[in-house]
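This report goes through selected local features of one model. The sequence and structure come first, and the notes follow.

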There are 2 protein chains.
Amino acid sequence: MGTDFTATRAMFRMQEGVIYLDGNSLGPTPAAVAEKVRACITNEWGEMLITAWNRAGWMDKPRALGDRIGRLIGAERGTVVLGDTLSIKVYQALAAALELRPDRKVVLSDTGNFPTDLYMAEGLIRSLGGGHELRTVAPEEVEAAINQDIAVLMLTEVDYRTGRKHEMKHLIEMAHAAGALVVWDLAHSAGAIEVDLSGAGADFAVGCTYKYLNSGPGGPAFIYVAPRLADRVNPALSGWMGHEAPFAFDLGYRPGEGIERMRVGTPPILQMAALEASMDIWDRVDMADIRARSIELTEAFVEAVEAACPTLTLASPRDPEARGSQISFRHPEGYAIMQALIARGVIGDFRAPDILRFGFTPLYTTMEDVSHAAAILGEIMRDNLWDRAEFKTRAKVT
Amino acid sequence: MGTDFTATRAMFRMQEGVIYLDGNSLGPTPAAVAEKVRACITNEWGEMLITAWNRAGWMDKPRALGDRIGRLIGAERGTVVLGDTLSIKVYQALAAALELRPDRKVVLSDTGNFPTDLYMAEGLIRSLGGGHELRTVAPEEVEAAINQDIAVLMLTEVDYRTGRKHEMKHLIEMAHAAGALVVWDLAHSAGAIEVDLSGAGADFAVGCTYKYLNSGPGGPAFIYVAPRLADRVNPALSGWMGHEAPFAFDLGYRPGEGIERMRVGTPPILQMAALEASMDIWDRVDMADIRARSIELTEAFVEAVEAACPTLTLASPRDPEARGSQISFRHPEGYAIMQALIARGVIGDFRAPDILRFGFTPLYTTMEDVSHAAAILGEIMRDNLWDRAEFKTRAKVT
């Protein structure tokens, strides 16, 4: 294994007494991030002022960071660009894909997709006003539902609730054979598992950076368009940063070259500075090593929790090849159990109605974390420590 | 004058030897911003991790900051929300307005609108596929072009090139009398001039925060929807943060209450922390004082430059009531002149083909800045100091 996970862990600022198993929701702070953002504010924005757009390379960051993320997801250079939120990127990708399949009207997705992807599709379909249909089936029924009616297959590769993983390459082949395009949401894939967009023949992919990629709250999203499609895309969100010549201030839109046209507005430079601190860590990492260690961590967690907690039901696939880098268990009192865990310093999260969710992030999660977390969960279940009013009161959930 | 501009200037970190007249493009750093963002990174993201979404109030920031900005633009409480970029906010507002006028097909705008607004309208109209038309007339012809065909009048209040200001209240009355809705872009208004959205009977407004509002590069945009319309808006960009219950993870979209539905994805918390540092200054300010001082500054600049530089042609309206808080001059060698100015420490910017642009920002711009800048410009013009190869070489322009 070439990646030094002791070294990567040391590049994060971890909290004393906390085992953080929620990096699949919000990654922790890279140790260098505060200084990186300070330098951006003080030395770039503060001193260079407006000239920093060129002198500090701000204008090129969405593309430069896109290439660094691209390496982690098997994307060709120059095919990934940063910006906006994942919801917006879903809208862009789906709109572009639908326009490339004008004779078809069905968007096929599944009930395991993250809701905002479905919501954005709803909104787009309403705007299009062309009789499109969002057809949502159970995850295990996706393959059977692919047929000649499908314009676009839109899936989140790894289910945010259970960690169940779709077979990307196989589904792309099926979809392409039926004449459909595919949009992948990599929110729970990028930095979590090996992804090979190029090798899988992917069309479009989108993802966020604040989970496994540790860019901080509200960090920018990314979008991938296959090189064979990029110059055929007609952007629905045709913003000036995606214009062929943004600073010509033409009155009419002309799309920029390739992936550049998927840019929309002014990029969020402070959030990108934070992402750079994280990418300085990611640049040292081989995704095959991440995946191997992730499987070790998740396998150990499943084994320890199942041994200690007979009333918890595994909600994730038992086969590590069939899941991402999270483990979920079900329990009717899942909310209170998670609150009890958090009170003991083990931070995972809860997803209604009954899912306890734990993310495993080899960059900073150790085997000791796994065994301690499982032991604490075991105590909580054995002694019913969750059965207290303070743990059952629902706060606003994030 | 109740606002203490000596105090507000002291709350910015100004560069020695620089007169910054480009706050209409990118505001300078509030002195407190680096610490504000550091605290967000270290104390909130770093220590609270995922729990900061509730414990640090992150989830509510788009609305809380919206109210602070709302005060500066005459918006009722609870009618402004932050997020995304201005291009995205234009798309949202225009899509919503068009849907409220289903029987009409024309979007009326003008050639003085910022190009991205026109680009986004183009993209939206193409997606709608319903035979809409983007009709773009000269700014002075807008009023005459308002008729019963117009679904939406979409204008930037203050022209980014010349500072020419539309009469908001009058145009809204004209548009409403013709049965049209109006979308205002306040990019060069918010923090620059007095805006009274409520008093003017505005329908929709959008704006950015990185110009006069000093939120830093890529700071979030804002959107206003009149209370009488907000609950009738059917969001085109129907993201989960605008859902009635984002954390219920329903498969179907239900819009949130009022302005909440204009939220889309996860808010950019670091950029919002930077904006808070600026709003701590803005909270001390009365917009009537800003406007009065702005007129003093711009009048003095026009007078001094016209006296010293007979070959420069005023491109802004001479009547201060007819312009925003910037002054533009035309000259065929405008690019080289601006480069020569920047080399002397006076930072304005250039807009093709021939416009020298100077923003006046009372929070930190003094009368001494104005007279020094005019004097330096006078020397450059008198001695043709701009006529050097180094100033004529075009870099990538921002």
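A residue counts as buried when its relative accessible area is under 20%, as exposed when that area is over 50%, and as partly exposed in between, using a 1.4 Å probe and protein chains only. H331(B) is therefore buried, at 11% relative accessibility. This is a predicted model, in which local features need pLDDT of at least 70, side-chain atom pairs count only at pLDDT 80 or more, and totals for chains, interfaces and linings use all residues. Residues are numbered from 1 along each chain as its sequence is written, chains are lettered from A and ligands numbered from 1 in the order in which they are written, and side-chain values use heavy atoms, with hydrogens and water left out.

Helices (H or I, at least four residues) and strands (E, at least two) are DSSP runs, numbered from the N terminus. H331(B) lies in the loop between strand 10 (326-330) and helix 13 (334-343) of chain B. Contact here means heavy atoms within 4.5 Å. Not counting residues up to four places away in sequence, H331(B) touches T311(B), L312(B), I337(B), D354(B), L356(B) and M381(B).

**Annotated positions in chain A**

An unreviewed UniProt entry carries the annotation "binding site" for L86(A), S87(A), F114(A), P115(A), T116(A), D117(A), T156(A), D185(A), H188(A), Y210(A), W240(A) and T266(A). These positions span 181 residues in sequence, and their farthest two C-alpha atoms are 30.0 Å apart, so they do not all gather at one spot. UniProt positions are given in the numbering used here, feature names are shortened, and annotations may be inferred rather than shown by experiment.

S87(A) sits in helix 5 (residues 86-99) of chain A and is buried at 2% relative accessibility. Setting aside neighbours within four places in sequence, S87(A) contacts T116(A) and M120(A), along with G239(B), W240(B), V264(B) and G265(B). D185(A) belongs to strand 6 (residues 181-185) of chain A and is buried, with a relative accessible area of 2%. With the neighbours within four places again left out, the contacts of D185(A) are L86(A), D117(A), L155(A), T156(A), E157(A) and V206(A).

**Helix packing in chain B**

How do helix 5 (residues 86-99) and helix 6 (residues 115-128) of chain B pack? Their axes are 9 Å apart, at an angle of about 45°. Axes are lines fitted to C-alpha atoms, for helices over the stretch in contact, and angles run from 0 to 180 degrees between N-to-C directions. Helix 5 of chain B is thus oblique to helix 6 of chain B; angles under 35 degrees count as roughly parallel, over 145 as roughly antiparallel, 65 to 115 as roughly perpendicular and the rest as oblique. Residues of helix 5 of chain B in this contact include Y91(B) and L94(B), and those of helix 6 of chain B include M120(B) and L124(B).

**Backbone features**

A cis peptide bond joins A352(A) and P353(A), with omega about 0°. The bond from A352(B) to P353(B) is also cis, with omega near 0°.
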